[in-house]
Amino acid sequence: MLILLSASHKNSSFDVLEMLSVGGDETASHIVSKHTALSGAVIVATCNRFEAYLDLNAPFGVSHLPAVDAAIEAVSANTGVSEDVLRDTLTLVHGNDVAEHLFAVTSGLESVVVGEGEIAGQVRRSLEQARAAGTTSPELERLFQRASQTSRGVKNRTGLGSAGRSLVRLALELAESRVSDWAEARVLLVGTGRYAGASLAALRDRGAENVRVYSPSGRAQKFALSHGIEAVLTADFAGEVARADVVVTCTLSEDHVIDADLILTGRAAVGVNARRLETAGDVVSLCPADAAPEAPPQLIIDLGLPRNVAPNVVDVLGVELLDLETISIHAPLEELNATDEARELVSRAARKFSAVAEEQSLAPAVVALRTYIFELRDAEIARARSRGDSSEQTEQALRHLTGVLLHTPMVRARELARAGEQEAYLTGLDALFGVKVDLEASSDASAAAAADAAEDAIPAAS
């Protein structure tokens with residue numbers, strides 16, 4: 001059974017999401033180790049969501065709540081978020097609804113900016129991280145691969161995402177009123193990952209020409225060379241922050257890369273007024289107010305989660321902070337036609353995924369019946385040969401008869417599995433042929449192999 005524990009911008013605070021965003025692969029490993037029935041876990045942790053996709057290998061009718069409790073305990077231990085907060089925050093989804101949710105997420109339908117394109121890559125990388133950590137399972141692999149296929153279908157067949165929507169572009173749209181001329185603005189980009197590339201492209205689309213890049217991990221020079229911009233050294237970072245009209249941060253650093261003290265130090269170094277706003281009657285100043293010119297208004301856009309920028313930067317005179325929480329408030333409304341069409345595609349793909357999953361649940365029984373019938377057929381062919389009848393026509397007739405006899409049981413397996421009546425099929429096999437099948441005794445590997453064989457064997461019902 002597939003289980004999902006989900007927290008997003010729709011049901012959780014950004015403070016909680018920030019804590020949950022750290023160490024997804026370690027969290028997945030911790031979850032799997034917490035309960036023997038949990039055979040797999042994939043964590044999707046982005047700037048606006050934390051989701052744990054779990055594969056629960058338990059007999060039909062057995063409660064999944066102990067495994068869910070174990071998973072919550074593991075998430076709490078790994079992130080520092082209390083179990084009580086997690087239970088109040090996380091939404092529990094199970095069964096067929098898990099596929100529809102992930103397909104919608106991967107297609108951008110659950111994003112802050114509906115239709116944004118970055119999420120598909122983030123979901124794909126989440127699966128890759130789970131593979132590297134050894135926490136995937138055959139069913140989770142199938143789920144995430146179908147999610148990627150669905151997102152491509154939504155993108156190709158609807159207008160959703162065609163306008164290059166993204167959180168980065170929304171942030172820059174919100175910044176338009178603060179930046180009079182992007183061509184004249186001095187911009188500092190902090191970070192060199194995939195979001196940094198998208199940020200630089202969006203900045204250039206708006207006419208930004210004076211862009212520099214800094215990397216806390218030391219990758220600025222390589223990024224700068226490949227993108228035709230200037231790299232900033234660590235020794236010059238504070239000064240560059242102070243000089244910038246716009247700072248865009250999108251690094252994976254788990255610590256704040258910019259705070260009020262860094263800005264004040266940078267301003268003092270480059271000779272502009274370095275002071276905080278008055279708080280509780282006190283003025284903190286690194287140089288007298290009349291000893292240097294006032295710093296120009298400065299906008300910092302923080303696209304990181306965990307936060308790249310300390311909230312106290314707004315205490316510095318002239319600094320305005322635009323973070324993910326603020327950006328999400330201004331997210332545009334959905335375009336109804338494209339969104340409705342996309343959701344219909346997602347729903348259809350989820351129904352197909354669930355139907356295949358149900359069919360595969362009876363795959364071991366289908367293979368057992370095929371094996372039983374084929375053994376009878378081969379015995380009859382051998383008996384005919386022993387009586388001197390070795391004609392090709394006889395063998396072909398027996399093989400054809402076998403196929404005809406198996407057709408209806410194969411179709412009924414598909415129908416009963418989709419209806420959730422697997423037990424009726426198993427009872428019938430036992431009563432008519434003495435073929436006993438224990439579905440729960442099948443390992444993941446043998447079940448996957450049986451599913452492949454059954455998928456080849458079961459003809460589609462007309």
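Predicted model: local features only at pLDDT ≥ 70, side-chain atom pairs only at ≥ 80, totals over all residues.
Residues are numbered from 1 along each chain as its sequence is written, and side-chain values use heavy atoms, with hydrogens and water left out.

**Nonpolar cores**

- A nonpolar core is a set of buried Ala, Val, Leu, Ile, Met, Phe, Trp, Tyr and Cys residues joined through side-chain atoms within 4.5 Å; buried means under 20% relative accessible area, exposed over 50%, and partly exposed in between (1.4 Å probe, protein chains only).
- The largest such core has 63 residues, and Ile31, Leu54, Trp182, Leu189, Ile301 and Leu303 have the most contacts inside it.
- Helix α8 gives the most to this core, with seven residues.
- A second, separate core holds 29 residues, including Ala130, Leu143, Val346 and Ala350.
- Contact means heavy atoms within 4.5 Å; not counting residues up to four places away in sequence, Trp182 touches Leu172, Ala175, Glu176, Val187, Leu203, Arg206, Gly207, Ala208, Glu209 and Val246.

**Helix α8**

- Helices (H or I, at least four residues) and strands (E, at least two) are DSSP runs, numbered from the N terminus.
- Helix α8 spans residues 167–175, and seven of its nine residues are buried.
- The buried residues of α8 are Leu167, Val168, Leu170, Ala171, Leu172, Leu174 and Ala175.
- Their cover includes the helices α6 (118–133), α9 (194–205) and α13 (324–329), together with the strands β9 (298–302) and β10 (319–323).

**Cavities**

- On a 1 Å grid over the protein atoms alone, a cavity is a set of points where a 1.4 Å probe fits but cannot get out, and its lining residues have an atom within 4 Å of a point.
- Grid points are joined across faces, edges and corners, and a volume is the space filled by probe spheres set on the points.
- The structure holds three cavities of 30 Å³ or more.
- The largest cavity has about 90 Å³ of space, and of its 13 lining residues Cys47, Asn48, Ser111, Val112 and Glu116 lie nearest its centre.
- Its lining has six nonpolar, four polar and three charged residues, where Ala, Val, Leu, Ile, Met, Phe, Trp, Tyr, Cys and Pro count as nonpolar, Asp, Glu, Lys and Arg as charged, and the others, Gly among them, as polar.
- The second largest cavity has about 40 Å³ of space and is lined by Phe14, Asp302, Gly304, Leu305, Arg307, Asp323, Leu324 and Glu325.
- By class, the lining of the second largest cavity has three nonpolar, one polar and four charged residues.

**Single residues**

- Asn48 sits in the loop between β2 (38–46) and β3 (49–56), and counts as buried because its relative accessibility is 7%.
- Apart from neighbours within four places in sequence, Asn48 is in contact with Ala7, Ser8, His9, Phe14, Leu17, Val112, Leu167 and Leu305.
- Leu92 belongs to strand β4 (residues 91–94), and is partly exposed because its relative accessible area is 35%.
- Apart from neighbours within four places in sequence, Leu92 is in contact with Ile3, Leu4, Leu5, His64 and Val68.
- Leu92 and Ala7 lie 85 residues apart in sequence, and 9.4 Å apart in space from C-alpha to C-alpha.

**Cysteines**

- The structure holds zero disulfides, a disulfide being a pair of cysteine sulfur atoms within 2.5 Å.
- Cys47 is buried, at 9% relative accessible area, and Cys250 is buried at 8%.

Conventions: 1 Å grid on protein atoms, 1.4 Å probe; cavity = no way out; pocket = protein on both sides within 12 Å on 5 of 7 lines; lining within 4 Å.
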